[in-house]
Every structure is written in structure tokens, then in C-alpha cells.
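Biologist: I would like to learn how to read this model, feature by feature. Where do we start?

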Amino acid sequence: MQKRDNVILEMKDVKVHFHLDEGVLKAVDGVDLQIKRGMTLGIVGESGCGKSVTSQAMLRIVPKPGEVAGEINLQRSGGQGTVDLVKLDPRGKDIRDIRGDEIAMIFQEPMKAFSPIHTIGNQIMEAILLHVTEDKQEAHRLALDILRKVGMSNPEQRLNEYPHQLSGGMRQRAMIAMALSCNPSILIADEPTTALDVTVQAQVLQLINDLKANHDTSVIFITHDLGVIAEMSDEVAVMYLGKVVEYTDVDSLFHNPKHPYTKALLNSIPAVGRESKRLESIEGTVPFPMNLPQGCGFYTRCKMAVDGVCNVADVPLVEVRKDHKVRCLLVETELKEAEVVS
């Protein structure tokens with residue numbers, strides 16, 4: 001039996017800051033994550049919480065003027081040891097050898113991610129020729145094979161078509177095919193089911209699960225859909241305002257959530273058997289991550305917030321029980337009081 005707890009990628013205090021004329025925009029502000037071999041880490045949160053920028057930091061494709069700090073340690077395949085991706089030149093050969101080969105990404109908008117002036121086959125074969133083989137006939141064969149694996153209808157024809165000639169579902173399958181063409185160790189799926197109908201969405205999710213099982217690939221699944229997270233993930237990181245506010249296994253998150261933000265997200269989901277009452281909503285929006293005041297980032301929207309406690313100092317991410325971390329002073333206080341009583 002394989003060990004499922006070995007870490008293939010670890011992020012330590014990762015920050016992505018954009019130095020603008022108006023100030024420093026802290027898109028990601030001290031994220032710690034672990035991606036384990038053959039398992040799926042779900043990253044969830046509202047739009048603007050830093051999920052996609054976190055994934056961009058892993059691939060070192062953060063747009064200018066963004067700067068990445070901290071550590072992103074990748075356990076390279078083939079016994080090549082560990083490398084800190086933050087220390088690599090974003091335009092250098094070392095990171096280009098890793099992108100697409102060891103870490104691949106399914107982008108949120110395939111129509112924007114694909115080049116409109118090159119065929120699907122040309123773009124899939126480019127990755128194969130760069131990382132797998134220099135033989136064009138072999139690359140063509142491998143491209144056809146991966147399109148068949150992702151369930152693309154008539155792959156011989158699709159290989160010679162342009163992105164605009166494909167439906168949304170087909171483009172998403174082609175994007176998955178390109179990401180998987182070099183058998184990556186880590187697959188980043190950034191909202192891969194956006195704008196897809198329910199039937200195609202289910203097919204795409206099943207496809208990712210099948211490929212993960214067959215190739216022991218680690219998956220980072222980014223979405224705002226908690227229903228998808230429940231189906232796909234082994235562990236979950238809830239992000240808010242560039243920070244991880246809760247980090248645990250998927251069962252604990254849904255059955256024993258601790259952070260007020262996580263609870264509010266779960267209470268906003270309609271469920272079979274739930275009493276027919278108005279769903280909870282989170283008032284306001286995610287603050288703009290620039291020139292923020294001291295304290296918890298969720299303070300202004302939290303129904304449990306305590307003035308003079310939650311808005312005084314930055315809140316650390318604390319382990320409240322084994323493998324369950326929460327960034328909330330109120331949860332810490334509850335635990336300490338419970339320990340005193342017991």
C-alpha cells in the first residue's frame with residue numbers, strides 16, 4: 001500500500017504583493033499549505049480571496065508588478081531532490097522544465113488560455129515536444145491518445161481545429177488534455193467547471209478523479225463551490241483575504257467547521273432535508289487587500305466579532321485539534337475555557 005502522507009509540495013509563509021502607486025496590494029499574505037502525493041487539496045473561498053494568485057505563485061506566473069516571497073518547496077520527480085520555486089528565475093530554464101512537466105494547470109477560462117491562432121493539436125504537441133519527445137510523429141500520436149483519454153469525440157478532427165470551433169465542454173477537455181499530456185506530478189485545476197452545464201461538469205470532475213487514480217497525481221482543486229469540494233477533496237483550505245482561515249480534512253470541514261467564515265459559507269448552501277427557511281448570507285464583500293487595519297480580516301462581516309478582541313492584532317493560524325487549523329481568536333478562547341472546565 002502506498003504512503004499517502006508524503007508531501008510533494010509545501011508552501012511556507014508565501015506572500016504575493018503588488019507594489020502600486022496607491023500602496024501595497026497583498027493578494028496572498030502568508031499562506032502555508034501542503035500538497036500530498038496522490039491526494040486532492042481543495043482551496044475554497046469567495047472571489048478575491050487569493051485562490052488563483054496562490055496557484056500562479058506555484059508556477060511563478062504571477063503578473064507584474066507582483067512579487068513572490070516565502071518558500072515553495074517542490075519534491076522533484078526522478079530523485080532530483082527538493083527545489084525552492086521562489087528562488088528560481090520566472091523566465092529561466094529550470095522553471096520552464098517544471099511547468100507543464102511536473103506541475104500543470106487547467107486554467108479557469110480555456111477560451112482565453114488557448115492561443116486563438118493555433119490549432120488544439122499544435123498547442124498540445126508543443127508541450128509534448130518540449131518535455132517528452134522531439135519526434136513530431138510520436139508527439140502527434142501522444143496528443144491523439146490523450147484526447148481519447150479525456151473523452152474527446154472524433155479526436156483526429158479536433159486535433160486540427162481551433163479553440164473557437166469547439167464547444168465549452170470540448171475546450172475544457174482539450175485544456176485538461178494539454179495539462180495531462182506530460183503526466184504531471186501535480187495538477188492545478190482552477191475552477192475547471194466554470195460556465196459548463198451540469199452534465200459536462202460531472203463528466204469533467206469524474207475525468208479528473210479517474211486520471212488522479214490511474215496516475216497517482218496530486219490535485220489542487222480551486223473553486224468557490226463547496227459541493228464540488230465535498231466530492232473532490234481529501235483536505236480543504238478555506239481562504240479569506242489572502243490568508244488561510246481554516247485548514248483540515250474534508251469530513252471535519254463539513255461536519256465540524258470552526259471558523260465563522262466557514263460556517264457562514266456552509267449555511268449559505270441549500271440542502272435536502274433542511275428546514276425551509278431563508279438561507280444565510282454573508283453581508284458585504286471581501287475588502288480590497290490594501291492598507292488594511294489590524295486584526296482579523298473577516299471582522300467587518302463577522303456576526304460573532306468582538307470589538308477590542310478581533311480588531312486589535314493580526315490573528316495566527318492555530319491548530320485547535322490534530323490536523324485542524326483555524327485563524328480565529330474566539331475559537332482559541334472557547335478551547336481554553338473548555339480545557340479549564342474539564
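Modeller: With burial. Buried means under 20% relative accessible area, exposed means over 50%, and partly exposed lies in between (1.4 Å probe, protein chains only). Phe298 has a relative accessible area of 3%, so it is buried. Two cautions on sources. This is a predicted model, in which local features need pLDDT of at least 70, side-chain atom pairs count only at pLDDT 80 or more, and totals for chains, interfaces and linings use all residues. Residues are numbered from 1 along each chain as its sequence is written, and side-chain values use heavy atoms, with hydrogens and water left out.

Biologist: How many aromatic pairs does a search of the whole structure find?

Modeller: The rule comes before the count. Rings of Phe, Tyr and Trp (its six-membered ring) pair if their centres lie within 6.5 Å; planes under 30 degrees apart count as stacked, over 60 as edge-to-face and the rest as tilted. The search finds 3 pairs. In one of them, Tyr240 and Phe298, the ring centres are 5.2 Å apart and the planes stand at 80°, so this pair is edge-to-face.

Biologist: Which parts of the chain does that pair link?

Modeller: Distant ones. Helices (H or I, at least four residues) and strands (E, at least two) are DSSP runs, numbered from the N terminus. Tyr240 sits in strand S9 (residues 235–240), and Phe298 in the loop between helix H11 (260–267) and strand S11 (318–321), 58 residues apart. Tyr240 is also buried, at 3% relative accessibility. Together with Tyr261, Tyr240 and Phe298 form one aromatic cluster.

Biologist: Now the strands. With which strands does S7 pair?

Modeller: Two strands pair if DSSP finds at least two bridges between them. Strand S6 (residues 103–106) runs parallel to S7, joined by 4 bridges. Here Ile106 stands opposite Ala189 in S7. Strand S8 (residues 218–223) also pairs with S7 in the parallel sense, over 5 bridges. In that pairing, Ile188 stands opposite Ile220 of S8.

Biologist: Is S7 mostly covered or mostly open?

Modeller: Mostly covered: in S7 (residues 186–190), 5 of 5 residues are buried. Ile186, Ile188 and Asp190 point one way, Leu187 and Ala189 the other, and all are buried.

Biologist: How should I read a helix pair?

Modeller: Two packed helices are described by the angle between their axes and the distance between the axes. Axes are lines fitted to C-alpha atoms, for helices over the stretch in contact, and angles run from 0 to 180 degrees between N-to-C directions. Helix H4 (residues 120–131) packs on helix H7 (residues 168–180) at about 20°, with the axes 8 Å apart. Angles under 35 degrees count as roughly parallel, over 145 as roughly antiparallel, 65 to 115 as roughly perpendicular and the rest as oblique. H4 and H7 are therefore roughly parallel.

Biologist: Which residues of H4 and H7 meet?

Modeller: Contact means heavy atoms within 4.5 Å. Ile120, Gln123 and Ile124 of H4 meet Ala174, Ala177 and Met178 of H7.

Biologist: What about the backbone?

Modeller: Look at omega and phi. The peptide bond from Lys64 to Pro65 is cis, with omega near 5°. Pro65 lies in the loop between helix H1 (51–59) and strand S4 (66–75). Asp13, in strand S1 (residues 7–20), has a positive phi near 50° and is not a glycine. Asp13 is partly exposed, at 39% relative accessibility. Asn183, not a glycine either, has a positive phi of about 50°. Asn183 lies in the loop between H7 and S7 and is exposed, at 51% relative accessibility.
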